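Trainee: I would like to learn how to read strand pairing and salt bridges. Where do we start?
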Amino acid sequence: ILVIPALILMIANFAITAFYSWRFTPYFAGLPQIVTMLGVSEKLAAIADDHALPQLDCLRKSVPLVAQIRKRLGWLVIDRTALPDLVESALGYLNMFFLFDILVYLRSLAALREHQATLVDIFEAVGSLDSSIAVASYVKSLPSVTRPTLVGDCRLEVGDLYNPLLAAPVSNSLVLIRRSALITGPNMAGKTVFIRTVGINVILAQTLNFCLAKRALIPRAIVRSAIRREDDLAAGQSYFFAEIRQILDFTRAEQDGQ
């Protein structure tokens, strides 16, 4: 007598599982990443904060919510293949009769939607700390760095500037006040490397607020370059034409305030 209802229940649950699987299975791939991020946020929140970082303060306030969501998502991200065969079989039968995967997924989805704004804040805080740690580690590995002074006029003054990509860089100094520079020299003398060194440091000064030098006064400017221009015979453009067109682009950019 009990076999028939059990079979009917199994068939119904199987049909429901098959119906919902195509809807929520693709989202399972992203759930482990969410759980990993939340675990990282908990570890970061436990760090002693001597500098009153707003990111750590945000993560500490979110610890109860993080623990709640991680616990709720735990069933969905567990590696069942690593469980003993008996346990895995038991979980399979429980899921077959009680639709645990579907119920837990729907409840977890509701929780993620409810706390979506907080989760975005956690994501941004973890990302900000991750990038800050990466920059700080890189700066610590450099032999010499300085905090630049950013100015609004056409001045570029750097002392002992060096290239971060060279194992044994040669430092150089450069001063340009409302004028340009023509760099000449023989082949393999380092002209292009020096130009790239200046461009890299101008970008670093305006983005990460440090320069690979002992002193630096950097203008707020957009870096534009034209290195190794090539001709295009198929389009009827010679090397000379390519150079002239690039100079015209630079002139128009300067006129547009770029």
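Mentor: Two strands pair if DSSP finds at least two bridges between them. Helices (H or I, at least four residues) and strands (E, at least two) are DSSP runs, numbered from the N terminus. This is a predicted model, in which local features need pLDDT of at least 70, side-chain atom pairs count only at pLDDT 80 or more, and totals for chains, interfaces and linings use all residues. Residues are numbered from 1 along each chain as its sequence is written, and side-chain values use heavy atoms, with hydrogens and water left out.

Trainee: Which residue in S4 is the bridge partner of Val158?

Mentor: Ala216. Strand S2 (residues 155-161) and S4 (residues 215-219) run antiparallel, joined by three bridges. S2 also runs antiparallel to S3 (residues 172-177), with five bridges between them; there, Leu161 is opposite Asn172.

Trainee: How many salt bridges are there?

Mentor: A salt bridge is a side-chain nitrogen of Lys or Arg within 4 Å of a carboxyl oxygen of Asp or Glu. The count is four. One of them joins Asp160 and Lys214, with the closest N and O atoms 3.8 Å apart. Asp160 lies in S2 and Lys214 in the loop between helix H8 (191-207) and S4, so the pair ties together parts 54 residues apart in sequence.

Trainee: Is Lys214 buried or exposed?

Mentor: Buried means under 20% relative accessible area, exposed over 50%, and partly exposed in between (1.4 Å probe, protein chains only). Lys214 has 59%, so Lys214 is exposed. Asp160, at 28%, is partly exposed.
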